[in-house]
Amino acid sequence: MADSTARTGSDAAPLVHAVNVTKAFHGNEVLKGIDMDVARGEVVVLLGPSGSGKTTFLRCINQLETIDGGRIWVDGDLMGYEDRGGVLHHLTDKQIAGQRREIGMCFQRFNLFPHKTVLENIIEAPTQVKGVSKAEATARALELLEQVGLSDKPAAYPSQLSGGQQQRVAIARALAMDPKLMLFDEPTSALDPELVGEVLKVMRDLAEGGMTMIVVTHEMGFAREVADRVVFMDAGVVVEQGPPSEVIGNPQHARTRAFLSRMRQEEAAHAAAQDPIAQR
Ligand SMILES: Nc1ncnc2c1ncn2[C@@H]1O[C@H](COP(=O)(O)OP(=O)(O)O)[C@@H](O)[C@H]1O
Ligand SMILES: [Mg+2]
């Protein structure tokens, strides 16, 4: 096993190891050499202005985009490629699907199947993709519904649920595949303000349960309280990173400070708009 590309898989190695990842769309370089390690059980909040490349980076980790340069390993597996004696070979679609199955993703839009019940949505992938029996998948789905606070909703259709409930189903659906890693891309930004907290609570519980998570969010309270580390990206580079108390509490770079003060202004404007007394 001298092959350096063999699964490292040891507990000390980072779960996500991204090195010098680059990505361009039609000559527009969107990721300009991203390095990022995420330890097992670590919660990383990715902050940055719109267009800074956050979504693209998550999509590259999950191979919804191919990368132009660099390497991404997840749990010791090189994403998308096999290294045979120093030469990279593309994995087959089937092999890539196998790697993607280990990573759960939760987007701004929930994308539940509208014609399936909550339970059917959750058992779909485990039964169809993993070959889990319907009975086993159902038992697990009911546990997950309990975990996300929706044990009374297995027979509901998505249209009968609030946005916050749908997003919690989407999280349960991702968890049903037993992912090693969860990627969240602005999971609460399409929700009415009063529904944000219930989704953040599920994410916080998941973090406390030891899930490794990369979370793109503008929810500063969540970042402060739940993140082990905050990574601030701008224009395709990592500008600064560290514990939330440092990056949010005492940012070192002008770009981070400008972003955070803009976020605070937006939050204040939003709070004023929500406050009936201030509106008079
Ligand atoms: N599929 C695509 N084709 C062309 N340009 C894209 C595509 N996806 C993203 N981009 C561009 O890449 C840049 C980064 O986008 P994105 O990763 O969505 O940023 P963020 O999530 O930080 O807002 C933006 O300029 C965006 O327009
Ligand atoms: Mg985005």
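Biologist: Which residue forms a salt bridge with Lys-23?
Modeller: Glu-65 does. The closest N and O atoms are 4.0 Å apart. Bear in mind that this is a predicted model.

Biologist: Where do the two residues sit?
Modeller: Lys-23 lies in strand E1, residues 16-25. Glu-65 is in the loop between helix H1 (54-61) and strand E4 (69-74). The two parts are 42 residues apart in sequence, so the pair ties them together.

Biologist: Is Lys-23 buried or exposed?
Modeller: Lys-23 counts as buried, because its relative accessibility is 7% and the cut-off is under 20%. Glu-65 is buried as well, at 18%.

Biologist: How many salt bridges does the count give?
Modeller: The count comes to 14.

Biologist: Give me another. What does Lys-180 meet in a salt bridge?
Modeller: The side chain of Glu-102, at 3.5 Å from N to O. Lys-180 lies in the loop between helix H5 (163-175) and strand E9 (181-185). Glu-102 lies in the loop between helix H2 (93-100) and strand E8 (103-106). That pair ties together parts that are 78 residues apart in sequence.

Biologist: And how exposed are they?
Modeller: Lys-180 is partly exposed, with a relative accessible area of 24%. Glu-102 is partly exposed too, at 30%.

Biologist: Which residues are linked with Glu-102 and Lys-180 in a network of salt bridges?
Modeller: Arg-40 and Asp-75.

Biologist: What about Asp-234? Which residue forms a salt bridge with Asp-234?
Modeller: Arg-255, with the closest N and O atoms 3.4 Å apart. Asp-234 is in strand E11 (residues 229-234), and Arg-255 is in helix H9 (residues 254-274). So parts 21 residues apart in sequence are tied together. Asp-234 is buried at 16%, while Arg-255 is partly exposed at 41%.

Biologist: New topic: sheets. What order do the strands take in the open sheet of four?
Modeller: The order is E2-E1-E4-E5, with antiparallel pairing.

Biologist: Which strands stand at the edges?
Modeller: Strand E2 (28-38) and strand E5 (77-78). Each has a single partner strand, so one side of each has no neighbour in the sheet.

Biologist: How many bridges join E1 to E4?
Modeller: Five, and the two strands run antiparallel. One bridge partner pair is His-17 with Trp-73 in E4.

Biologist: Last one. Which strands does H1 lie across?
Modeller: H1 lies across E1, E2 and E4. The helix runs at about 60 degrees to E2.

Note on methods: Residues are numbered from 1 along each chain as its sequence is written. Chains are lettered from A and ligands numbered from 1 in the order in which they are written. This is a predicted model: local features need pLDDT of at least 70, side-chain atom pairs count only at pLDDT 80 or more; totals for chains, interfaces and linings use all residues. Side-chain values use heavy atoms; hydrogens and water are left out. Buried means under 20% relative accessible area, exposed over 50%, partly exposed in between (1.4 Å probe, protein chains only). Two strands pair if DSSP finds at least two bridges between them. Contact means heavy atoms within 4.5 Å. Axes are lines fitted to C-alpha atoms, for helices over the stretch in contact, and angles run from 0 to 180 degrees between N-to-C directions.
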